[in-house]
Amino acid sequence: MKLKILSITATLVFVLLNHTAFSQYLHQQGKYIVDGDNNEFISRSMGLGGWMLQEGYMLETAGFAGTQHEIRSLIEESIGKDRTDEFYDAWLANHCTKKDIDSLASWGFNAVRPALHYNLFTLPVEEELTPGNDTWLLEGFKMLDDLVSWCAENEMYVFIDLHGAPGGQGKNADISDYDPSKPSLWESAENKRKTIALWRKIAQRYANNKWVGGYDLINETNWGFDSDNSGCGGSNEPLYYLMVDITNAIREVDQNHLIIIEGNCWANNMDGLFPPWDDNMAYSFHKYWSGTDVGSIQGYLDLRDEYNVPMWMGESGENSNQWFYETIQMLESQKIGWSWWPMKKISSVVGPLTVVKTDDYQQLLNTWSQGVTPESNFCYNTLMEITENLMIENCDYHPDVIDAMFRQQTENTSKPFKNITLPGTLHMVDFDMGRHDVAYHDNDIMNTKGNGGATWNNGWIYRNDGVDIEKCQDQSTKSNGFNVGWLEANEWMQYTVNVAQTGSYSLTFRISSQYGQGRFRLEADGKNITGTVSSISTSGWQNWKDVTVENIALYQGENKLKFYVEKAGFNLNYIHFERTGDVSQVPFNILNSFSSESGEQVYLAVNKHFNQANELNVSDFSILVNEENRTIAALNFDTQDSSKLVLTLDEPIRSHDVALLSYEAGNLESESGQQLASFSALNIENKTPFRHLIPGKIEAEDFTVNNGLALEDCTDIGSGSNIAYTDAGDYLDYVVTIRDGGNYQVTYRVASENSVGGKIDLQLIDSEGTIQDLHRVNVPYTQGWQKWETIEAHAELPEGEYTLRMLVNQREFNLNWIAFDMTATSANSILKSDSFKVYPNPASDFIQVLSSDPGATSNEIQIINLYGKIIKASNPKNINEGLIHLAGIPSGQYLVRIVLDDQVLTKKLIVYRP
């Protein structure tokens, strides 16, 4: 989004120092942060939230005690002041230790961001005996000293964050421990004075310590100074003046360290906080529940460029591993450092560490939530047990979180979550670690809705990936206490396993289902080893039964197994693998066929290894692509897996192509001498990367590359998302397959509150990078950002695969979708028998009749069976327009009949349902 910057005029004492020699310290160099050797420094920091300042959501008390002072008051009422002090002493001692910092360093972090509560360092103003006096407390400084020392041993930096300022800085009270019954930071001159004094004291203490990375002055102010309560609009003058005063106080004692400024509105409203007033500064924005593209931070990049000052993403997290991976990759691509949040909290998988919640603690929460005072000893013992669970050795470690934040940034591969050896039991929740569509595929993988309450995972326990996991009530001794649930069609999980012994295996799937309508399969290294398996009804989502599949050949060594959901309707706990005999006992069968990602090869997979002494004959095989013969240029055994054949094509399969493989029995046999039987019309699974098909509609948010644009929720028909905040030079790229060359009508769905109107340039980019300008369209004023209209243009498009670019020539407008339709150039054209085709063919979901005459019309298009019965009829206004859906039509051969005024033309159609 684009941020407006307000200018504040005032007479201030600016300390503008000429830092020419930061021999040891992190510091500003233009718009980047650099180290003492002037090397660009990308912080990879972990926020130590919940340690020095408790937030209710981390303790699961938010519903009845959100702030620390409310939590402490509740505990004191339950166990008394002395034992409450004992609890807090243990909490502070155990939450963050040297072991925690050593672990963070070993995982890849190079910094931490401790969230300070001022009351560990000085008394509240109302407790000072002398107004204007500051009583300094040893406890906080000792904790900070220890932290800096632990980090120094690991060559890590400490970014000191004042999370709870005197009086509290935000209406979102939980964050800063704000007490509405007392004057806030902004309502008390004395609280402001104490805040300035505290920062001067901290700076004086660490002025010459190189491992202090910088001073994050005030965390997440959310205070409406002259507008709304959140501070997301209006002036920020009080915040600006206080930041300058703190800076001046720090510079009296410390001219070495970086000053970090956060905006209002949870750090994101920076109006009025520019230009910078010190030459060693950085600005910090926070990022939660938003898009992962560059457009989501474009406003901050613009500020960085305009004012030549660094930007730091000072706090983020509370989302999925995929969101973590994508966001960190995007930030680092823009040379922006980051700090994640938090290191640990109770009963949550979002961070590296989970503090285990005991049954007694849940009972305590239930008691408090009902407004009942618990029994004192029970409460004390329960809380002290939680402080023991805070220690890292007692926490649950989540390697999947760390894997997403570090390894996945450079490796697009999967890695075992746990070591799994077969025969044995494979727990379905132990799928591999890795990026989405590498280790698993789920239909809902992250929260970008701008709301922390928006759910993307129905269970959100055990793992932090998109796969939905819940606690399992199965009484089987093979269960590990968790199952995968809420499965949807086309979702899958991959498992790296070690097969200890080659043989014939029996696979037992542990399933629960209310209705028994689901279907699934298990693949091994791309081979469908089970075929389609139907689930059974168990009369409940936690009533568990076995479904067994016999005669599965598995070979010794590492195998990549993929569990694939074909139809929803079941939960899955585990698969138990039992070896039942030698592999020679397994019948020799075809498993499946699939293309390579390039489309240049087709693989035929069987369930046993081929006898590689057999002669391979290309003439034994034939391939149809969209009902046309495709030449097989070469035929070989797969060098990595001798249970697969590799057929190399002279022309690759493309996205949206439908291909079938046939085989006339020759001399192919298994290692044990079993012959491979003939087969025909075996569906070849098309694994080429998705491309948008033209003609068709492209949703604006389904881009491959986004340069400078942001997403927002759309209220247009169909809802979803639209592209917004367009500036000249921003663009979106889409990979497309143009099925037929010709003249197209291009329709844009747009909205704009900009009375001047925007402009769109549509471009086509070929494989050599050559850009072809197609047209420019003017976006009208539609009287609102969600008031939608369609505009039309025309473009001449060549057949083939390209990158389509929507380039913003003039701001500002929103875009929902772009649609492409073949242009009608004449009416009632007479068709020749060879002037149209049916696409795709074979087909499973729909067909479209395509004519070489874009203006061709007909009275009716019919689908008839081989007995001449009409089973589907359609009346498109133009032969080239509209889809004919095939729902309810079983697999088989049919005829497509086009009824014209004076003739009837037919074309063969194959309906194939895998």
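A residue counts as exposed when its relative accessible area is over 50%, as buried when that value is under 20%, and as partly exposed in between. Keep that in mind as we walk through this predicted model.

Let's start with Glu155, in the loop between helix 5 (138-153) and strand 5 (157-164). Its relative accessible area is 58%, so Glu155 is exposed. The backbone here deserves a look too: Glu155 has a positive phi of about 55°, although it is not a glycine. Why point this out? Most residues other than glycine have a negative phi.

Trp289 gives us another example, with a positive phi near 50° in a residue other than glycine. You can find Trp289 in the loop between strand 8 (281-287) and helix 10 (298-307). Because its relative accessible area is 25%, Trp289 is partly exposed.

Which residues form a negative surface patch? They are Asp359, Asp360, Glu385 and Glu388. Helix 12 (359-369) and helix 13 (376-389) each supply at least two residues of this patch. Take Asp360, which is found in helix 12. With a relative accessible area of 34%, Asp360 is partly exposed.

Our last stop is the loop between strand 47 (836-839) and strand 48 (846-851), where Pro840 is found. The peptide bond leading from Tyr839 to Pro840 is cis, with omega near -10°. Pro842 also has its place in the loop between strand 47 and strand 48, and a cis peptide bond with omega of about 5° joins Asn841 to Pro842. For context, most peptide bonds are trans.

Notes: Residues are numbered from 1 along each chain as its sequence is written. This is a predicted model: local features need pLDDT of at least 70, side-chain atom pairs count only at pLDDT 80 or more; totals for chains, interfaces and linings use all residues. Side-chain values use heavy atoms; hydrogens and water are left out. Patches are made of residues with over 30% relative accessible area and no salt bridge: like charges are joined within 9 Å, nonpolar side chains (Val, Leu, Ile, Met, Phe, Trp, Tyr) within 5 Å. Accessible areas come from the Shrake-Rupley method with a 1.4 Å probe; for residues, only the protein chains shown count as cover. A salt bridge is a side-chain nitrogen of Lys or Arg within 4 Å of a carboxyl oxygen of Asp or Glu. Lys and Arg count as positive and Asp and Glu as negative; His and the chain ends are not counted. The place of a charge is taken as NZ of Lys, CZ of Arg, CG of Asp or CD of Glu. Helices (H or I, at least four residues) and strands (E, at least two) are DSSP runs, numbered from the N terminus. Buried means under 20% relative accessible area, exposed over 50%, partly exposed in between (1.4 Å probe, protein chains only).
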